[in-house]
Amino acid sequence: MADVAIPRAKPQMSEAGAWAQLKHNRNWLGFWFMLPAMVFLIFFLAYPLGLGIWLSFTDTRIGRVGHFIATENYEWLWDDSIFWLSVFNTLLYTFVASAFKFGIGLYLALLLNEHMPFKAMLRAMVLIPFIVPTVLSALAFWWIFDSQFSIISWSLKHLGLISQNINFLGDTTWARICVIFANIWRGVPFVAITLLAGLQTVSPSLYEAAILDGASSWQRFRYITYPLLTPIIAVVMTFSVLFTFTDFQLIWAMTRGGPVNATHLMATLSYQRAIIAGQLGEGAAISSAMIPFLLAAIMVSWFGLQRRKWQQGENND
Amino acid sequence: MQDFTRRSLLQGGTALAATGMLTGPALFDFAKAWAQSAPWKAEPGAKLTVMRWKRFVPSEDDAFNAMVAAFKSATGVEMNVFSESFEDVQPKASVAANTGSGLDVAWGLHTLPQLFPTKVLKMNDVADYLGKKYGGWTDAAAKTCKLGEDWLGIPVATNGGYMTYRKSATDKAGFKEFPKDFPSFLEMCKALKANNTPAGFALGHASGDANGWLHWILWGHNAWTVNEKDQVSINSPETAKALEYCKALYETFIPGTPSWNDSSNNKAYLAGELYCTLNGISIYVAAKTDPTKKELAEDTYHALHPVGPIGKPTELQLTLPILAFNFTKYPNAAKAFVAFMLEKENYEKWLDGAQGYLQQTLNAYESAAVWTADPKNAVFSQASKRTLPASGIGTVGEKAATAIADFIVVDMFANYCTGAKDAKGAMAEAERQLKRIYR
């Protein structure tokens, strides 16, 4: 069609001015439609990102214009043990929490995909942790894990299992477990519901065929559900990893990075240095240092999506 | 500085508010008379935009607003007052200083005026006027606001914290009188622990509480983040001693203090699990206004910080300075407002409204009624006299404020006390961070 249309349009176009071309040319038309979205993205995403990176190369403080100091902030951070501790914490937090969220989320999704009474209600209930504002749930967890008033310590004490309160947020290991637990609790519904949506796109006829062929339920999961779910797993886990990696509210409300920086994530450290202590440049450097990690996570999703194409091409289904 | 559990204060606050200030007409009469005789005449048609920190005690806010209203009616100055939370005051003031607009007057924390000394209105005349009239300024308050001979702002008040303890527990521990030096303080904490009535001080990122008591321990050992010439001096034998002492103390604490924020000790104390801590007057006020905590309130006493080997008080209390920007169109109105606030007729009522949460920076107000109304308040009247500037012996200013905000001293002590780092490692880390700030 397009090939036929072009020769006819040509004489007109050569007469028309550049403006008319911009107005009528199909390729430009696409550009015009994209423009609002582009402007939006540039102003609200690209510009702040660029500004953040620029700030990381300056010694800007809150309320004072900084000077360009090249990579001084990064050099300083390179030798900063607290920064590396926060990197370690962030990776630990992200990997452990994401793995659990995936496992529990997938399990829940498979469970909710079965026929059972009150299905709709149960599905809605699973979403509750996701709906509660993060700060509120963080405050709730803060009370649950409080060093003096923890309901868990209280119950265990009354059951006679322990004699002293568990030092949930005051002990390095416990504090990490607690914040990761809170994050998992919050993140599971997102994974579960999204995977559930993915599960429902799998055609029942595939399962019927498999059952006729005598496939076990594990085989059905392994060779039908899992491959068809891969693209959505890739997307959902990318998002989950991104959210976890950049988490801030939970930590800030529960521990403020303590005890002794054992739960400081890059995001919270960045906030502490940039906003609380006023060193915007250094804070920006910490948050810019998150970019490579986030890019890596996005690459995983990208290749995950690519695989779907291959699958579709190869399998011819 | 110390965190208030606002809810607990709400009830008590409003009750006191009614009695806590000049009644309407009297205040307005005073304001009119004052406006006529004051050295600063507000410009005709003046308008002031005032930012302050968000109040913790409602009755303090009421007293403040009553003053603003009286000032407005007496001078005809249009007043636009709004408040921001503690953390937001400084960034907003900084932006106003940068852009040269938005605010005329800002009432903030710490060394706010030192952050942009070229953008503030010099208040020398106001400071002289008030200082002469009311027995002079306290040392720390003056240092916090002065650059050379110039006053960059006026230290309106201090927000101090003191030892808050249960007398029954310390009596039982064998200390009829609260310890006055470090060794006996440690002995008392040990005895408190042995009796299962432990003390506890925040070792987490509690900007007010943790910074307050750890700087006191550090300075008490004659150890400083920086010396008089602003050279980093944290890595010293004195600091090592402070770390040792702190660790010994920490071992007597109630478990969980490394996770504490500013409100944790309030909660634990009011729940009857904690028997000695450092806090603003909020714990006592909350206990006093809660009918179910009558016994606890009666058992609660306040004491000055014990004095360290250095031999003089080394407290760190929060100064609350007010400043006017030099780009304001109405400098006289701004000065008049600041001076008006600190006049006896206003200020004493205001202190009353604050219920001990705010302390004077002008010596004459040591005799204010709030300090004698309840003998247990009296200790707090000393805050501004006994505190050092936030910078210790170094120069007051942005760098010292940054070091405090970034929890450098807190982390150093917490690292050592919890065993995360040895003394050398903890000091080295603090030193490295300080050197960066003081580069």
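This is a predicted model: local features need pLDDT of at least 70, side-chain atom pairs count only at pLDDT 80 or more; totals for chains, interfaces and linings use all residues.
Residues are numbered from 1 along each chain as its sequence is written, while chains are lettered from A and ligands numbered from 1 in the order in which they are written. Local features need pLDDT of at least 70 and side-chain atom pairs count only at pLDDT 80 or more, whereas totals for chains, interfaces and linings use all residues.

In chain A, helix H3 (residues 26-55) and helix H15 (residues 280-288) pack at an angle of about 120°, with axes 7 Å apart; helices here are DSSP runs of H or I with at least four residues, numbered from the N terminus, and axes are lines fitted to C-alpha atoms over the stretch in contact, with angles running from 0 to 180 degrees between N-to-C directions. That angle makes H3(A) oblique to H15(A), given that angles under 35 degrees count as roughly parallel, over 145 as roughly antiparallel, 65 to 115 as roughly perpendicular and the rest as oblique. The contact (C-beta atoms, placed from the backbone, within 7 Å) involves A:Gly52, A:Ile53 and A:Leu55 of H3(A) together with A:Leu280, A:Gly281, A:Ala284, A:Ser287 and A:Ser288 of H15(A). By class, this contact has four nonpolar, four polar and no charged residues, where Ala, Val, Leu, Ile, Met, Phe, Trp, Tyr, Cys and Pro count as nonpolar, Asp, Glu, Lys and Arg as charged, and the others, Gly among them, as polar.

Chain B is divided into domain 1 (6-160 + 317-387) and domain 2 (162-316 + 406-437), with bounds that come from an automatic or database domain assignment. The centres of these two domains of chain B, taken over C-alpha atoms, are separated by 29 Å, and 18 residues of domain 1 are in contact with 18 residues of domain 2. On the side of domain 1 of chain B that touches domain 2, helix H1 (residues 6-19) of chain B supplies the largest share, four residues, and this side has five nonpolar, 11 polar and two charged residues.

Also in chain B, helix H19 (residues 408-417) and helix H20 (residues 423-437) pack at an angle of about 165°, their axes lying 8 Å apart, which makes H19(B) roughly antiparallel to H20(B). The residues that meet include B:Met412 and B:Tyr416 in H19(B) and B:Met427 and B:Leu434 in H20(B), and the contact as a whole has nine nonpolar, two polar and one charged residues.

Between the chains, the contact takes 26 residues from chain A and 29 residues from chain B. Helix H14 (residues 266-276) of chain A gives the largest share of the chain A side, three residues.

Methods:
Helices (H or I, at least four residues) and strands (E, at least two) are DSSP runs, numbered from the N terminus. Two residues are in contact if their C-beta atoms, placed from the backbone, lie within 7 Å.
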